Amino acid sequence: MTIPAKAEAPPPTVFVLEIDGQPILAFRAATIRQARELGKEDWLQDDLKRMMVGHRPLWNGKSPVRVRRAKPEEEVYYVDAKTENAAGDSPLVFLVRRDDQADAGSPVTRGSFPPRR
């Protein structure tokens with residue numbers, strides 16, 4: 001009697017977390033169910049409330065957090081970012097420029113207070 005070879009699991013898929021239709025971050029998960037669970041994690045929701053984009057929180061705590069499969073260009077961006085930051089090995093790749101990533105060499109943003117560099 002021959003034991004069938006165990007089928008190799010497909011590689012994890014890249015998913016995108018969206019808030020108000022805005023793609024926020026990309027990550028890998030084995031299934032859509034697993035990907036949706038990430039969006040419900042307290043630690044991630046707390047981080048999304050604290051992180052700022054354009055001096056506003058990424059998430060207001062009320063808008064629905066949705067997860068979908070990444071579009072081809074988002075998947076490429078995710079793979080490139082992971083390759084670039086292989087040492088950090090962060091499983092999450094942000095698709096928005098957060099305020100804490102602002103370039104110190106960029107010009108002052110007009111109308112902001114205090115002025116941001």
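Glutamine 45 is found in helix α2 of a predicted model. Helices here are DSSP runs of H or I with at least four residues, strands are runs of E with at least two, and both are numbered from the N terminus. With a relative accessibility of 19%, glutamine 45 counts as buried; the term means under 20% relative accessible area, while exposed means over 50% and partly exposed lies in between (1.4 Å probe, protein chains only). Leaving aside residues up to four places away in sequence, glutamine 45 touches Gly39, Lys40 and Trp59, where a contact means heavy atoms within 4.5 Å.

Residues are numbered from 1 along each chain as its sequence is written. In this predicted model, local features need pLDDT of at least 70 and side-chain atom pairs count only at pLDDT 80 or more, whereas totals for chains, interfaces and linings use all residues; side-chain values use heavy atoms, with hydrogens and water left out.

**Helix α2**

The buried residues in α2 are Leu44, Gln45 and Leu48. They cover an arc of only 100 degrees around the axis, which puts them on the same side of α2; the arc is that of the directions from the helix axis to the C-beta atoms. Asp42 and Arg50 are exposed on the other side of α2. The packing partners of the buried α2 residues are β1, β2 (22-29), α1 (32-39), β4 (56-57) and β6 (92-94).

**Salt bridges**

The structure holds five salt bridges, each defined by a side-chain nitrogen of Lys or Arg within 4 Å of a carboxyl oxygen of Asp or Glu. The table includes three of them.

| Arginine 68 | Glutamate 18 | 2.6 Å |

Arginine 68 forms a salt bridge with glutamate 18. Arginine 68 lies in strand β5 (residues 65-69) and glutamate 18 in strand β1 (residues 13-19), so this pair ties together parts that are 50 residues apart in sequence. Both arginine 68 and glutamate 18 are buried, the arginine at 19% relative accessibility.

Arginine 50 is exposed at 56% relative accessibility, and aspartate 47 is partly exposed with a relative accessible area of 23%.

**Aromatic side chains**

Arginine 98 lies over the face of phenylalanine 94, at 4.4 Å from the ring centre. A charge sits over a ring if NZ of Lys or CZ of Arg is within 6 Å of the ring centre and within 35 degrees of the ring normal.

**Whole chain**

The protein chain has three helices and six strands, and from the N terminus on its elements run β-β-α-α-β-β-β-α-β. Of its 117 residues, 30% are buried. Among contacts between residues at least 6 apart in sequence, 55% join residues at least 24 apart. The protein chain exposes about 8800 Å², of which carbon and sulfur atoms supply 52%; accessible areas come from the Shrake-Rupley method with a 1.4 Å probe, and for residues only the protein chains shown count as cover.
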